[in-house]
Amino acid sequence: MFLYQFITYSKMKFLKSPISYIVLFIIFAFSCSTASKLENIRKKDITAKLSLPYENLSKVDTSSFITKDTVKVNIDGKDMIVMKAVRDDNGEMVANDVLATAIVTARFRNLAERNGKVNVKFELKVPKELMDTKWQLRFQPIMTYNNQCYRLEPVLITGKEYRKQQLKGHELYDRFLKSIVTDSTKFINLFQLEIFIKRNLPKLYAYKYDDSYVDEKDFASYYGVKEQEAIDHYTNRLSLFYNNWKKSRKPAMYKKYIKAPIQLTGVRLDSILTDEKDIIYTYVQPVDAKKVRKIDVKVLGSIYEQDQRLYTMGDNDSLTYFISSVSSLLSNRVKYKTAIVSRKVEANMSYFIDFKVGDAKVVEDLYNNKSEIHRINSTLRDLIQNKVYDLDSVIIYSYASPEGQLRKNIELSKQRGQSVTHYFRQSVANMRDSILNSSFTMDEEGRIQRDSVKLADIFFYSRAGGENWPRYDELVRDDDKISAAYKDAYYKVSSIKDLDAREQALRRYKDFYKYSKENIYPRLRTVLFNFHLHRKGMVKDTIHTTVVDTTYMLGLKALKDRDYKLAADLLRDYNDYNTALAYAGLNYNTSAIAILEKEPKTASVYYMLALLYSRINEVNKAIKAYLSACKIDRSFINRGNLDPEISALIRGYNLVDELDKFQDEQNL
């Protein structure tokens, strides 16, 4: 009925041909087949499945057998026989006669983190019912950890007809691009233009075989025709307009021809469907897992026919990966070290008090003085109220800039020091009064009780620093605005021992001297405060005490954060159990073993030795160390099953029976 209505409506001559009926019938049948296939997918809820990879041990080269027959381990004087095992592609030991027929059904896996990284591995199984030569299957893996979602590179499975249409679209668009003329001179009738120049500008025509530049004025002809006017006159404007129109049509033509562009980058796989069989793709994604405990993975899938999405697959069950790290075995003990505590403490701080040229008075509103005075007062108040130290004295060193005579500058710096000392002596007196007056509490009946606060006397001393040449040297050296030539000149002049002669020599470099007076000299009039303090209640000059070893504790924090490089750098000198953990995280297995073999044999030490021995293929030692850890602490039985490296040892050498005995002994 539909075909009849379509033919009646179209009234095309083509439809009168018997062949045309056959073609239309095929197209109609083909579309019905597609709809039927999609309906079948919907009804049966056919979708791609995520699963954990299964390592087929039959593919493992027999030359990788760790032992020929059995491995014999001596535990407490008793020989224990364990079965044959192989090392798989990931370096894990697996018993080939136990797992050869195993089927992976779990939705989670434990991953061993190495140097802060893990490889998340999963399989994407695409059933053949989802495939069609006209379709493209698009799968978007999504990884979630630390409450953040990350879109991984997609996996594409493309049908032959779909790819054929893609290539055809690219070919048509390329053909369109090639039809656009890129050389604008192609639209100019150069033959006629040359005749025009030859007739009207014979002198210019003489430049035909010369590449000399011709000015616009020289081009003007006897008729007043200019260069651009001549070119426009002999340009095929219609062709040029049509060519420009095609340029403007690039985006529209791209959209018309390339409905589904071929992705060359940002795609993990773009496989061409060659036969209708189930496809299994193994996806491996490296992840920086320093601060990751759990990773979830799911895949979203869609069916496309060119740019049209035909079907969206239902969500598949996600996979969960738990990150196993040696950092979880660290020892959290606080480490102390012996420290020498001095009674007396000294602190130096530089401030910039500006003075008028040749003047020693402290002017609060001059330049940035108000801000600097506030900083000094804040420091003094903090030191006066310090709970650990008493402020004994303050020595103030004041300096002058080099202009003028040295003798006068020394006297000026002395006067400035005295002026600053007097100013802040008065500030401290006001602070002390304020602190004493505000030190009170209120009793239960609401009466004010004044606290008995004692403040030590503070002595102020001033010292004249003279001309501040050392600071001058630093400022010139670090100033990027001063040229290398002026810096060299300054360094030569600075070798003059007579300071007055030195300053006179600098005046010869007028630009440099002007820059110095405006930008450097004001910064030479500094005031240095030297604070002398002593520890409250301490009589001896020095005492020996124990304090927390901050370096070691920072190493433990780096270990918790799985920053093994930093942890190893901080813990290297301690050479203890936690140092070995840092080395194990970096895969420095031999160095870690050397440390642990000297440590007292706790359950954690045995467990780490088991893990490290298994990494270097010392199977006998690994089994013995693990069983020793479990015998001391039964909790390592469960931990071993959750640790990928140890669980491989358990499965590969059939240690389950022996571990069950430990559990039975504990229950008894």
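What follows is a list of selections, with what is found at each.

This is a predicted model, in which local features need pLDDT of at least 70, side-chain atom pairs count only at pLDDT 80 or more, and totals for chains, interfaces and linings use all residues. Residues are numbered from 1 along each chain as its sequence is written, and side-chain values use heavy atoms, with hydrogens and water left out.

**Whole protein.** Select everything: 24 helices and 23 strands are present (DSSP runs, H or I of at least four residues for helices, E of at least two for strands, numbered from the N terminus). Of the 668 residues, 39% are buried, meaning under 20% relative accessible area with a 1.4 Å probe, protein chains only.

**Gln136.** Next select residues 136-145, strand β8, where Gln136 lies. Gln136 is buried, at 2% relative accessible area. Show its side chain together with that of Tyr162: the two make a polar contact at 3.4 Å (N or O atoms within 3.5 Å, one able to donate a hydrogen and the other to accept it; residues adjacent in sequence count only if both atoms are side-chain atoms). Beyond four places in sequence, the contacts of Gln136 (heavy atoms within 4.5 Å) include Leu156, Gln166, Asp270 and Tyr304.

**Confidence.** Colour by pLDDT, the predictor's confidence in each residue, from 0 to 100. The average is 79, and 77% of the residues score at least 70. Select residues 56-70: pLDDT stays under 50 there, and the model has 25 contacts beyond four places in sequence for this stretch. Then select residues 80-104, also below 50, with 83 contacts beyond near neighbours in sequence.

Notes
Buried < 20%, exposed > 50% of the residue type's maximum accessible area, 1.4 Å probe, protein only.
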